[in-house]
Amino acid sequence: YQNRCLLSCPTATTYDSTKQECVDDRDPSDVDVDPDPDQSIPCHSACDLCSGPEENQCLTCKSPFVFYQSRCVDACPASSYYE
């Protein structure tokens, strides 16, 4: 689910202990994850989508990175879990 490391599941998600991750409570057809193709922002090399060029301005990450506190990191910190 969006390659993020979190301390708790976000709104509209529930922790699934079988999958050991947060799962979306919403209908997948209601979730808009496509970026606007007309807006081009230069991103840090680990970012897939971003709000600016700095490493702490990532919105989503390129594989194999995971998202943690607006950054793309190699792995989730010990105090968090993979969503």
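Which handedness does the link of C43 and C50 have?

Author: The link of C43 and C50 is left-handed, with -85° about the S-S bond. Before the details, a word on the source is in order. This is a predicted model, in which local features need pLDDT of at least 70 and side-chain atom pairs count only at pLDDT 80 or more, while totals for chains, interfaces and linings use all residues. Residues are numbered from 1 along each chain as its sequence is written, and side-chain values use heavy atoms, with hydrogens and water left out.

In general terms, a disulfide is a covalent bond between the sulfur atoms of two cysteines; here it is assigned to a pair of cysteine sulfur atoms within 2.5 Å. The structure holds 3 disulfides.

The bond that you ask about joins C43 to C50, with 2.0 Å from S to S. To describe its surroundings, one uses the relative accessible area: buried means under 20%, exposed over 50%, and partly exposed in between, computed with a 1.4 Å probe on protein chains only. C43 is partly exposed at 29%, whereas C50 is buried at 8%.

A second disulfide is formed by C47 and C58, whose sulfur atoms lie 1.7 Å apart. The torsion about its S-S bond is about -55°, so this disulfide is left-handed. The pair links distant parts of the chain, 11 residues apart: C47 belongs to strand β4 (residues 47-50) and C58 to strand β5 (residues 58-61). Strands here are DSSP runs of E with at least two residues, numbered from the N terminus. Both C47 and C58 are buried.

There is also a disulfide between C61 and C72, with sulfur atoms 2.1 Å apart. With -95° about the S-S bond, the link of C61 and C72 is left-handed. C61 lies in strand β5 and C72 in strand β7, so the pair ties together parts that are 11 residues apart in sequence. C61 is buried, with a relative accessible area of 9%, and C72 is buried as well, at 14%.

Finally, the confidence of the model deserves attention. The predictor's confidence in each residue is its pLDDT, on a scale from 0 to 100. The mean pLDDT of the protein chain is 75, and 73% of its residues reach 70 or more.

Note on methods
Helix = DSSP H or I, 4+ residues; strand = E, 2+ residues; numbered from the N terminus.
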